[in-house]
Amino acid sequence: MVPERTVAPQTAKAGEVPFLVYGAPLIGEAEIAEVVDTLRSGWLGTGPKTQRFEQAMAEYLGVPQAVALNSCTAGLHLALDVLGLGPGDEVITTPMTFVATANVIVHTGATPVFADVDPVTGNLDPASVAAAITPRTKAILVVHYTGRAAEMDTICALARQHTLAVVEDCAHAIETLYHGAHAGTLGDIAAYSFYATKNLVTGEGGLVVTTRPEFQDALRCRSLHGLNRNAWQRYGASGSGTYEAVYPGYKYNMMDIQASLGIHQLARLESSWQRRRTIWQRYDEAFAGLDILETPAPTSPGCRDAYHLYTVRLDLPTLRVDRDGFADALRERRIGTGVHFWPVHLHRWYRETFQFRENAFPHAEAIGRSTLSLPLSPAMSDADSERVIAAVHELARTLRR
Ligand SMILES: *Cc1c(COP(=O)(O)O)cnc(C)c1O
């Protein structure tokens with residue numbers, strides 16, 4: 001199948017092999033037409049298209065309401081904010097994530113406490129979470145790493161036992177199902193990302209949902225300065241001009257230009273997922289015989305994987321280069337990769353502020369040293385994935401120790 005590719009990345013000069021970006025978005029004519037329609041409509045901010053996108057997302061996830069935002073980071077911050085977290089509180093999370101997950105804990109004044117991950121899946125290890133619980137623990141911030149569902153049964157049971165909130169970082173996990181339930185509907189509050197490399201793309205963008213009706217109004221209100229009316233309700237055709245701040249909230253709202261992309265990205269979510277799964281299966285098959293790397297673990301029983309990131313683990317002792325050297329060699333072959341992730345506790349601010357030692361979370365650190373995300377995107381053609389496969393096979397021969 002050749003996917004629709006209306007916006008070819010302009011990265012190659014004439015005669016050059018195009019640079020293959022690891023998470024290139026697939027933008028179709030429908031998105032482009034909707035954005036143009038919004039630009040011509042005279043209403044660019046949060047308005048009718050954001051509302052349409054929120055309703056469509058809520059329907060997709062099977063939740064009563066959803067609040068569209070300008071990022072997932074905003075959603076995670078709002079989640080911790082409405083939970084009332086602050087100085088003296090501890091939030092347990094994974095070091096195998098993007099720094100935003102931990103940063104938002106710091107933004108509330110609470111303390112991030114890391115637990116180690118499962119060495120195979122890279123998801124939080126429930127035993128390590130249990131060992132990290134103290135009387136100050138208030139919440140567990142779970143990440144569904146690479147789109148693979150975290151062990152929610154065990155984590156939610158721990159949370160109930162210790163009266164902790166569960167927040168889900170679903171940045172990778174919009175299509176993830178855990179025993180039939182959507183990732184993001186298992187804990188108390190969840191946030192999704194629509195950043196340019198994610199599975200549903202609005203450029204920048206995010207969404208927050210809750211299974212706790214008592215948080216719904218606060219999430220919405222605090223996402224827009226803590227006002228009791230949004231701009232559409234104030235300036236729209238049936239609006240009323242009066243409003244007041246009922247909380248010192250944040251500027252986290254999505255605008256209709258972003259929602260214009262989101263509406264059509266949601267419509268192609270399933271076909272994009274299927275395209276990524278096809279590439280994923282082709283990679284699995286092509287790399288099965290290679291001993292220089294391990295392919296991603298199979299999907300956990302009873303779950304649906306979002307297939308967000310195809311992260312291989314390099315078997316470094318078999319290679320003459322480290323992970324970055326391997327990535328450089330791929331880049332020379334005009335293939336882009338990502339690192340998901342360098343563990344958060346080893347980033348300078350976290351290391352210096354919390355005095356983390358190396359080997360504090362050995363599984364996360366081992367993944368952090370050896371993991372590499374190969375290009376995976378619905379915008380890729382079969383020829384693109386075959387080029388990646390050929391390059392990895394070539395390097396398996398030439399970079400072997
Ligand atoms: C991308 C990402 C985020 C942040 O998403 P934004 O929409 O860019 O704020 C948070 N957590 C994880 C795991 C991510 O990969």
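## Ligand shell

The shell around the ligand holds 6 nonpolar, 7 polar and 2 charged residues. Here Ala, Val, Leu, Ile, Met, Phe, Trp, Tyr, Cys and Pro count as nonpolar, Asp, Glu, Lys and Arg as charged, and the others, Gly among them, as polar. The model is predicted: local features need pLDDT of at least 70, side-chain atom pairs count only at pLDDT 80 or more, and totals for chains, interfaces and linings use all residues. Residues are numbered from 1 along each chain as its sequence is written, and side-chain values use heavy atoms, with hydrogens and water left out.

In total, 15 residues surround the ligand (a heavy atom within 4 Å of it). The closest are Thr73, Asp169, His172, Ser193 and Lys198.

## Polar contacts and burial

The ligand alone exposes 380 Å², and the protein buries 92% of that (Shrake-Rupley areas, 1.4 Å probe).

## Overall fold

The protein has 14 helices and 13 strands (DSSP runs: H or I, at least four residues; E, at least two). The C-alpha box is roughly 70 × 55 × 40 Å along the principal axes.

Buried residues make up 56% of the 401 (under 20% relative accessible area, 1.4 Å probe, protein chains only).

Notes:
Buried means under 20% relative accessible area, exposed over 50%, partly exposed in between (1.4 Å probe, protein chains only).
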